[in-house]
Amino acid sequence: MLEIKDLLDLDKTITKDFFEGLTYPWEVFDGLEEKIIKLGKSLPKDIFQEVKENVWIAKSATVAESASITGPVIIDEGAEIRHCAFIRGVAVVGKGSVVGNSTELKSTILFDNVQTPHYNYVGNSVLSYKSHMGAGSITSNLKSDKTLVSIKTKDGYVETNLKKFGAILGSYVEVGCNTVMNPGTVIGKNTNIYPVSMVRGYVPANSIYKGPENIVEKE
């Protein structure tokens, strides 16, 4: 339930090779900066332009003049980077994805057609194909006591050995407005999270999260 094969559609991202040989999605963070730089240097120059050091942007992408982008970053074809977006580096934005007004990305991979359109913070996270974060929803990526992040499941805790780890969103996940996903949140495919939720640990695929004690299976 926590493995890459359960959560991610690897055919829907330019970063497919990043996950080769890995079991869990969060393992991709190890050496992510170097992986992005290596991929960026190999991108076709007729499709991508290196606009500044280690920042590769597809010529078909739309980037607002007010956006702030620090490398290494890859922005894939047809992506839209809107007004005052803040991409702090070590990030990949997939084909057709949206990074919206005042949204901040850091150490994050957005697969194709992902939407983070309004006032989102996404750090140390992987968002799979067609996942969507409602306005004001964020990933919290550092515990208040600064200890290593573990993932709570019905069978106990799974250690990640990471100090910073936000969330993994499976494909077609819908996160309601003003939701906080605590460090180590993993949401299975096709799941909906109610607005103004506080989410922690693993949420099963094909479910509706109304609260930590009220998770129902979709009909």
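Mentor: K154 and D155 form a salt bridge, with 3.4 Å between the closest N and O atoms. The term denotes a side-chain nitrogen of Lys or Arg within 4 Å of a carboxyl oxygen of Asp or Glu. This is a predicted model, in which local features need pLDDT of at least 70 and side-chain atom pairs count only at pLDDT 80 or more, while totals for chains, interfaces and linings use all residues. Residues are numbered from 1 along each chain as its sequence is written, and side-chain values use heavy atoms, with hydrogens and water left out.

Trainee: Are K154 and D155 buried or exposed?

Mentor: Both are exposed. Buried stands for under 20% relative accessible area, exposed for over 50%, and partly exposed for the range in between (1.4 Å probe, protein chains only).

Trainee: How many salt bridges does this rule give?

Mentor: Side chains of opposite charge can pair when their charged atoms come close. Here the count is 8 salt bridges. One of them joins K189 to D9, at 3.0 Å from N to O. K189 is in the loop between strand 20 (185-187) and strand 21 (192-193), and D9 is in the loop between helix 1 (4-7) and helix 2 (32-42), so this pair ties together parts that are 180 residues apart in sequence. Helices (H or I, at least four residues) and strands (E, at least two) are DSSP runs, numbered from the N terminus. D9 itself is partly exposed, at 23% relative accessible area.

Trainee: Which residue forms a salt bridge with D11?

Mentor: The partner is K16, the closest N and O atoms being 2.8 Å apart. D11 is exposed at 62% relative accessibility, whereas K16 is partly exposed at 40%. Elsewhere, E3, K5 and D6 are linked in a network of salt bridges.

Trainee: What volume does the largest pocket have?

Mentor: On a 1 Å grid over the protein atoms alone, a pocket is an open set of points where a 1.4 Å probe fits, with protein on both sides within 12 Å along at least five of seven lines; lining residues have an atom within 4 Å of a point. Grid points are joined across faces, edges and corners, and the volume is the space filled by probe spheres set on the points. For the largest pocket this volume is about 340 Å³. Its lining has 14 residues, of which K152, R200, Y202, P212 and I215 are the closest to the centre. Strand 15 (149-153) and strand 22 (198-199) are the elements that each give two or more residues to this lining.

Trainee: Which residues line the second largest pocket?

Mentor: They are I14, K16, D17, F18, K35, K38 and L39, around a volume of about 180 Å³.

Trainee: In which sense do strand 24 and strand 25 run?

Mentor: Two strands pair if DSSP finds at least two bridges between them. Strand 24 (residues 207-211) and strand 25 (residues 214-217) run antiparallel, joined by 4 bridges, and they form a hairpin with 2 residues between them. Within this pairing, I208 stands opposite V216. Strand 24 also pairs with strand 21 in the parallel sense, over 2 bridges, where I193 stands opposite Y209.

Trainee: Where is T179 placed?

Mentor: T179 is in the loop between strand 18 (174-175) and strand 19 (180-181), and it is buried at 0% relative accessibility. Its side chain reaches the backbone nitrogen of S197 at 3.2 Å, and a polar atom of that side chain lies 3.2 Å from the backbone oxygen of Y194.

Methods: Polar contact = N/O pair within 3.5 Å; in protein donor to acceptor, adjacent residues only side chain to side chain.
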